[in-house]
Amino acid sequence: MDEVKVMDEQKRNESLNRPVERETTQYIVTRLGEEQYGIDIKYISNIGRMQKITRVPKVSEYIKGVINLRGEVIPTISLRLKMGLDEDEITKKTRIIILKLEQHESIGVLVDEVKEVVTLDEEHVERVSYDKDEKSRFLSGVGKVDNKLISLLDITSVLADVVET
Amino acid sequence: MDTSQYLEIFLDETKEHLQNLNTQIMDLEQNPENMDTINEIFRAAHSLKGMAGTMGYKRMQALTHDMENVFSEVRNGTFKVQPDMIDVLFKCLDALEEYLENIQQTTEEGTNDNEDLIKILNDILKNGGTVNAGGGTSAPAAEQSAEKAPEQAAAAAPAEGKTARWQEIKISDTERTLIDKAHSDNLKVYGVTVYVEEACVLKAARAFLVFKALEKLGEIIVSEPPAQDIEDEKFELTFSLIFISSSAKEEVISAIKNVSEIEEALCEEYVVPQAAAPQTTDEPVVETQPAVPQETAAPAASTPAAATPAASAPAAAKPANKPANKPVVNRTVRVDIEKLDNLMNLVSELIIAKNSLVAATSSDGSKSDLGSVNEHIEYLESVTTNLHESVMKVRMVPIESVVAKFPRMIRDLSKKLDKKMELYMTGEDTELDRTVVDEIGDPLMHMLRNSADHGLEPNDVRVANGKPEVGSIFLDAYQDGNNVVIEVRDDGGGINIEAVRNKAIERGTITHEQAEGMTDKEIIDLLFLPSFSTAKKVSDVSGRGVGLDVVKSKIESLSGEVEVKNKFGEGSSWIIRLPLTLAIIQALMVVIGDEKFAIALGSIQTIEDVAPEDIKLVQAKEVMHIRGTVIPIIRMNKVLDIPPREDENKNLTVIIVKKGDKQAGLVVDELIGQQEVVIKSMGKYIKVPKIISGATILGNGDVALILDANALI
């Protein structure tokens, strides 16, 4: 009896989703220097203000250290350094985005500013051809919103890179 | 059917039963005639079978079933326990443990049918029966009939004493309406009473299955006790319900009886008791109520079903991705209720302390209240200290759970190596942090195997050397201050230092010249190097050289240490020293540059104030001379890449740390003081340098790193 109920619910959901034909993804738009980067919202568990980062000696330069996130010690990396940009400049707008990937622990990412949330469907995303430079290695595509271009970050490969090094 | 919500209980209890079986069968080997042991074994095997069946682990059930059969015959005195049988039984236990391991990893039992074992068991049943049939004396036979009597009685006269209790269900007007409606729809209304077997372990699971089976046939409108209570296992051996269905009575009964461990199901057409006539005419009441009883019955039964697919889906998905990942089931600790009560008390005290602090600070007249605030803070401090101790106690478990399997292991080794040996254990009740207890099993096993294989000489050599023929291995555990010491000792030949030295030279680990200058202790330390083994023969017990280095690194990862005491010709003892707990340590907070660090107090010997001119250079390294010893100096700011402070000429603060018999002086800039710190993991993203053993969160919310002084020496 219960299974039947579950089925019904699924069907209802399916029918609700039917009008939407294309897949859409929501991105949090962040600023690094002059450029805008989008991070898939499903990986983001929290966005916090800048807080004290405790340096960890003898680790890669882009690892800024560890922070205290509600009693958990979370490593924090500089997205700027990871993307081959200049060292971060901490301002009032600097944010730490806490990312949580399935089966991984949380990690903090420093960005210059968090701007907005955009919804992009497949049509507005252009898959870029991959150059071999540091930056585009971590991009999954470029999204177009109101004549602006947003580089979409492939968070999984950014973090996979962190784990490996 | 989905039973994953019971998986944890199942694993826990199965482990317990298996351990129990292991111990009991060991016992049986010594006293094959002990009826109590045999009964205990039978009961454990029976419960295992039942539990495996409930959870749908068919292979496990089949194997335990055949084991149970054998025990049952032994219990009935049909045949006696023979040494060969013990071996087979142990093999069965190993196979069961394998199933259990599989279940823990993947929730599946695996595909090993263990047909050979089942066949052997059946052969025992056949042959044992024919060989010893006449041998069965009258005494056991009498016992058999006595024991069987209640069972037979139960089987023969199921209805005896088992009344149809559904008449006792009090039905409300709502149910009455439903029943009337059912009658008018030409549906049948049944009263059902189900009796669960007395030995049934997961009554709630059985009841759930009964509900599930009945819901396929119709609708349960009310049950006694209520569905929620049944789900929570708040019932004795019976429950009753009223059930609307179009199926025939026989179908209903057989559906219920399909569920195993159901002793009896009674089902008759339900007649609405006439005593209280339906008289409510109030429309709203009738209208608002109907949903209620139905919902309590149906969702209560459906909650496990709804909740478990969600739970089982990731469980099933995980092993597919990472088969070697953590067990699907969370680790649990069984806690003495008294410890919990104590915790509750402390928490309420904590709340009182907080409230009085709030009261003290919110009232005006700040000066007069300062004293009382301090008083409250002191109170708060004592409460938190007690709370900490109590929580730690909850985490502590006796090492018994780990060491209990060793007698069996030594017995097997004794047979395999063809050496007579005996294991003596003391201090099994010594308590350690759960995380530590889980980890020390393997290292201890390694060391015991080493003792059995390398340590003890063959029996004839022992006799020739004037030692008792049977070798002794000792496992002693005891608490020593903030440490727990576990000692593995044997009265064998001890470590042959010369053999190790020659082997090391032969393997090129050290040169001849180095070998000359090495002390015995240094030579023994070579044994802990990877891939070093002096065993002439590689056996499947030991001698591959993968053992001791793993033991050492494991113990060190638990912040413990291994020490070896050796007397050539008389045996060796391996001493493991482990911290009581890993989660919270006493630490000294220091400042280096402008960063704060914690150093575990355990490794600190003294703190010295040293004038810069007292530091000398020896071979371009800084050392200092203190109380007759020369101690190398380590400038912490250099190690940690921190720019040095300006005031070069000031006296230096040097923390003397000790590892084994080596010492070092750590130069820091400031001391803050002693503090209890909670160790937090730094995650897997950062490959932390060895000198950092973790992080902790300070009172102001900042993170401070914990320095591992051992890694510096």
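In this predicted model, the secondary structure of chain B comes to 24 helices and 22 strands. Chain B has 713 residues, and buried residues make up 31% of them.

A look at the interior comes next. In soluble globular proteins, nonpolar side chains tend to be buried together. The largest nonpolar core here holds 74 residues, and the members that touch the most others are A:Val109, B:Ile599, B:Leu666, B:Ile706 and B:Leu707. Leaving aside residues up to four places away in sequence, B:Leu666 touches B:Ile634, B:Met636, B:Val654, B:Ile655, B:Val657, B:Ala709 and B:Leu712. There is also a second, separate core of 71 residues, with B:Met51, B:Ala95, B:Leu121 and B:Leu202 among them.

The two chains also meet: 22 residues of chain A are in contact with 26 residues of chain B. On the chain A side, the elements giving two or more residues are strand E4 (63-69), strand E5 (72-78) and helix H3 (155-164). That side of chain A is made up of 13 nonpolar, 3 polar and 6 charged residues.

Chain A contains an open sheet of 6 strands, which can be followed in the order E8-E1-E2-E11-E10-E9, and its pairing is mixed. Strand E8 (113-121) and strand E9 (125-126) of chain A are the edge strands, each pairing on one side only. In chain A, strand E1 (residues 24-32) pairs with E8 in the antiparallel sense over 8 bridges. Within E8 of chain A, A:Thr119 is the residue that stands opposite A:Gln26.

Note on methods. Residues numbered from 1 in each chain as written. Chains lettered and ligands numbered in written order. Predicted model: local features only at pLDDT ≥ 70, side-chain atom pairs only at ≥ 80, totals over all residues. Contact = placed C-beta atoms within 7 Å. Helix = DSSP H or I, 4+ residues; strand = E, 2+ residues; numbered from the N terminus. Nonpolar A, V, L, I, M, F, W, Y, C, P; charged D, E, K, R; others polar. Buried ≥ 20, exposed ≤ 12 C-beta atoms within 10 Å, placed from the backbone. Core = buried A, V, L, I, M, F, W, Y, C linked by C-beta atoms within 7 Å. Pairing = 2+ DSSP bridges.
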